Amino acid sequence: RVVFEPYILLTDAGKLEDYALRAECTHLGCLVGPYDPTRQRFVCPCHGSEYDRSGAVRRGPAPTDLKLAKVDVDEATDEVYLSPWDGLDFRRAAASSSSS
């Protein structure tokens, strides 16, 4: 089944990250704007929610982080595939270890 949903692919030093962000604000579903390097945020143009580069919500009214997808690249064809994120949400693991 092919589903077309808006996702943001991220790069670090020219290499694709192993995750993508669903570009749908978790407040009311508006599409978040492109990454603003000056503010270091993705900003929702509808109600001002802000997300950091990992998609973690930094300012509401959004109640939760942007959804994750797993990124795989077929090295033979350079095609990029997204699939549901099935692992631990690394953003929550980082948040809980920094608060301990």
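Let me begin with a term: a residue is called buried if its relative accessible area is under 20%, exposed if it is over 50%, and partly exposed in between, with a 1.4 Å probe and protein chains only. The structure above is a predicted model, in which local features need pLDDT of at least 70 and side-chain atom pairs count only at pLDDT 80 or more, while totals for chains, interfaces and linings use all residues. Residues are numbered from 1 along each chain as its sequence is written, and side-chain values use heavy atoms, with hydrogens and water left out.

I will start with the overall picture. The protein chain has 1 helix and 7 strands, where helices (H or I, at least four residues) and strands (E, at least two) are DSSP runs numbered from the N terminus. Read from the N terminus, the order of elements is β-β-β-β-β-β-β-α. The radius of gyration of the protein chain, taken over C-alpha atoms, is 14 Å, close to the 13 Å that the globule rule (2.2 Å times the number of residues to the power 0.38) gives for 100 residues, so the chain is as compact as a globular protein of that length. The C-alpha trace spans about 40 × 35 × 30 Å along its principal axes, and buried residues account for 30% of the 100 residues.

Now to the strands, which count as paired if DSSP finds at least two bridges between them. Strand β1, residues 7–12, pairs with strand β2, residues 15–22, in the antiparallel sense over 5 bridges. These two strands form a hairpin with 2 residues between them, and A13 in the turn has a positive phi of about 55°. Across this pair, D12 stands opposite K15 in β2.

What is the order of the strands in the open sheet? There, 3 strands are arranged as β3-β4-β5, with antiparallel pairing. The edge strands are β3 and β5 (57–59), each of which pairs on one side only. Between β4 and β5 the antiparallel pairing runs over 2 bridges, and E50 stands opposite R59 in β5.

With a relative accessibility of 11%, E50 counts as buried, and its side chain meets that of R39 in a salt bridge at 2.5 Å, N to O; by salt bridge I mean a side-chain nitrogen of Lys or Arg within 4 Å of a carboxyl oxygen of Asp or Glu. This pair links distant parts of the chain, since E50 lies in strand β4 (residues 50–51) and R39 in the loop between β2 and β3 (42–43), 11 residues apart. R39 itself counts as partly exposed, at 43% relative accessibility. E50 also forms a salt bridge with R59, where the closest N and O atoms are 3.2 Å apart, and R59 is partly exposed, with a relative accessible area of 44%. Salt bridges that share partners join R39, R41, E50 and R59 into one network. In the whole structure, a search finds 11 salt bridges.

Finally, the interior. A nonpolar core is a set of buried Ala, Val, Leu, Ile, Met, Phe, Trp, Tyr and Cys residues joined through side-chain atoms within 4.5 Å. The largest one has 14 residues, and those with the most contacts inside it are I8, L10, L21, C25, V32, F42 and Y51. Strands β1 and β2 each supply at least two residues of this core.
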